[in-house]
Structure formats: C-alpha cells, structure tokens
Amino acid sequence: MEIRQLRHFLAVYERRHYGRAAAHVGLSQSALTKSIAKLESSLQAKLFERGRYGAVPTPFGDSLAHRAKIILAEERLAASEINDLKGAGRGTVYLGMAFSCAHRIVPRALLRLEKSHPGISVIAVAGVSRDLVERLLQGEFDFVLGAPPDMTEPDPELRAECVFRDRDLVVCGRNHPFARRTDVSLAELAEQPWAVPHRYPEMLRHIRKVFMGEGIAPPEALVRTDSLALMLALVLDGNHLALFSEEFLAVQADLAAVRELRGSSFRRPRTGYLLMRRRTRLQPAAAALADHVRAVCKELYGALPAP
C-alpha cells in the first residue's frame, strides 16, 4: 500500500466516478484504474463495485476510507513539522470553525497570525460543530473551534479546551415591530415567519420544543435553507425571525435581539471549545494559530475554567 494509491482511492471514493477522479489527480482513467486494482490486489479486497451510476464503495472501501483520511492527514502533518524544523517557517493549517466563529474570533486570530507568521497558509472551513468534530477525528483538520451540543461525555480521542461562552437569541431586523418592544410573548413569536437552518435539524427541534413546552403550536411559516446569506436577507428584508448566536449578533449592526418573555428557553447557553485530537501533537503552524485563537477569546470573554 502506497500513499499515492490512497490518494487515488480517496479521489474515487469522494467523487464516486473514475473519470472525474482521474481528472482531479491528473491521471488518465486507465492509469487510475490500474492504481486502484493494485491497491485492491495488495489488500486482497474489492474496494468498489462499478455500476450504472459510477463507482460504489464496498464495505471494505468504506472501512479503508476512514483510515486513509487519517493516514494522509498524518503524512501532511509530518511534512509540515519537518519543514518547520528545517527553518522553512511555512506550512498550511486546516481549521474547522462553527459558523458563528467566522465573524469575529477567527478573523481577528488570522490577522494576528499574518503578522506573527507571514509565511503560513490557512484553509478555514465553516460548518456545524458536530460535523466538524467528526471530520477532525478523521484527520481533516488540525483543530476545530466550535460548540458541540453535548460535551458532558466527549469522545476519548478528543482534547477539549473551553475558550468562549455563547447563547442563542431570537433575532429580527431593526425595523421589525418586535425590535422596539420591551417584551414579546411566545404566542406572538409563533405567528411570525421563521428562517431556520436546513442541515442543522437540532435547531428546528429546539424551536418547536420551546413552543410545545408552553402548549403553543410551533410556527408553520418556515423557510429552511443552508444559506446564511438567505437567512439574513429574510430577517432584514422579509420580517422573518431566526435563532442566531450572540457571537454572530455582535457583528451584525442591522439585527436586533427580540426581547421575549424572561426565562424563555430560546436563550440557551453554549460553551465554545478548542478541540484537538488527543494523540496528535499540533504542528507549529497550527499551534501558533491556536494560541492566537485563545488570546482573542480571552480578550472577548475573559478566562474560562476547564471543562
């Protein structure tokens, strides 16, 4: 088994198509097919079934994909560490960040990194915290900055460091009638149109649970979308309501938190973590960015206790 064969395998696995995978890795389709065949021969297992709609992974292929991502991530980290030891002063950091962290914490940390380590490149991917953690465990990221919903029993492969506090707030545009109200009832909130994330069903379940807990029918006028830009446009221009984090609200001058009844369960607190793989030491470039993230969070939120 060779590193290049694993790269070829993952290209097919992720695209489910030999032709598209061959174009991605810069090989002819016949050369890529031979590479996969040699890998299958060395493992004595069939990795793909070629069907009508492309390459379908077998159970062996699914199993190898998980390990291959980790192997390639470690290979990348090893190369970065060697370059740093040689004095290259360069490298690439792979960062996973919750959507709310992309507006204040991460930009400030990146500006500091640019000054302290101008030769470092960063690939920053925004997403849902739970998905990002799974990708971290597979080796796709050096570390993740996010707020997974359940950290009472974290994965033993993770090292979690508390770095910020956040909470969800019901949000409307500053021109919405509720923006000037001192209190808004849950019944009134239920009558409004809402914009909610499509790929984050936990948010919609939470919204419905709050209303049903008070015996109120949940909102029926919903727009579910993966686009943050669309959610913002609906809130600002369409008088929709949405549930955004307080961290996100801090940089949105045109949004206002709805002043709903005191004690509303919408205002649930969340803890933000710097998450790393326990068995992998951060390469120097990633460690430098992590230090800047810690510093920015401390300035914004103060020192937080360990979990």
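Arg15 counts as partly exposed at 25% relative accessibility; here buried means under 20% relative accessible area, exposed over 50%, and partly exposed in between, with a 1.4 Å probe and protein chains only. The side chain of Arg15 meets that of Glu14 in a salt bridge, at 3.7 Å from N to O. A salt bridge is a side-chain nitrogen of Lys or Arg within 4 Å of a carboxyl oxygen of Asp or Glu.

A word on the model itself: it is predicted, so local features need pLDDT of at least 70 and side-chain atom pairs count only at pLDDT 80 or more, while totals for chains, interfaces and linings use all residues. Residues are numbered from 1 along each chain as its sequence is written, and side-chain values use heavy atoms, leaving out hydrogens and water.

**Salt bridges**

Side chains of opposite charge can pair when their charged atoms come close. The structure holds 15 salt bridges, and the table shows some of them.

| Glu14 | Arg15 | 3.7 Å |

Asp168 belongs to strand 6 (residues 158-173) and Arg270 to strand 11, so their pair ties together parts that are 102 residues apart in sequence. Asp168 is buried, at 2% relative accessibility. In the pair of Arg181 and Glu188, Arg181 is partly exposed at 29%, and Glu188 is partly exposed at 25%.

**Aromatic rings**

Rings of Phe, Tyr and Trp (its six-membered ring) pair if their centres lie within 6.5 Å; planes under 30 degrees apart count as stacked, over 60 as edge-to-face and the rest as tilted. By this rule there are eight aromatic pairs. One of them is the edge-to-face pair of Tyr18 and Phe48, with 6.1 Å centre to centre and 75° between the planes. Tyr18 sits in helix 2 (residues 18-25) and Phe48 in strand 1 (residues 48-51), so this pair ties together parts that are 30 residues apart in sequence. Both Tyr18 and Phe48 are buried.

Trp194 and Phe211 have ring centres 6.1 Å apart and planes at 85°, so they too form an edge-to-face pair. Trp194 lies in strand 7 (residues 194-197) and Phe211 in helix 8 (residues 201-213). Trp194 is buried with a relative accessible area of 0%, and Phe211 is buried with a value of 0%.

Ring pairs also link Phe9, Tyr13, Tyr18 and Phe48 into a cluster.

**The whole protein**

The protein has 11 helices and 11 strands; these are DSSP runs numbered from the N terminus, with helices (H or I) of at least four residues and strands (E) of at least two. Its C-alpha atoms fill a box of roughly 70 × 50 × 35 Å along the principal axes. Of its 307 residues, 45% count as buried.

Which residues does Arg278 touch, not counting those up to four places away in sequence? They are Pro156, Glu157, Leu158 and Arg159, where contact means heavy atoms within 4.5 Å. Arg278 is in the loop between strand 11 (269-277) and helix 11 (284-301). Its C-alpha atom is separated by 5.3 Å from that of Glu157, 121 residues apart along the chain.
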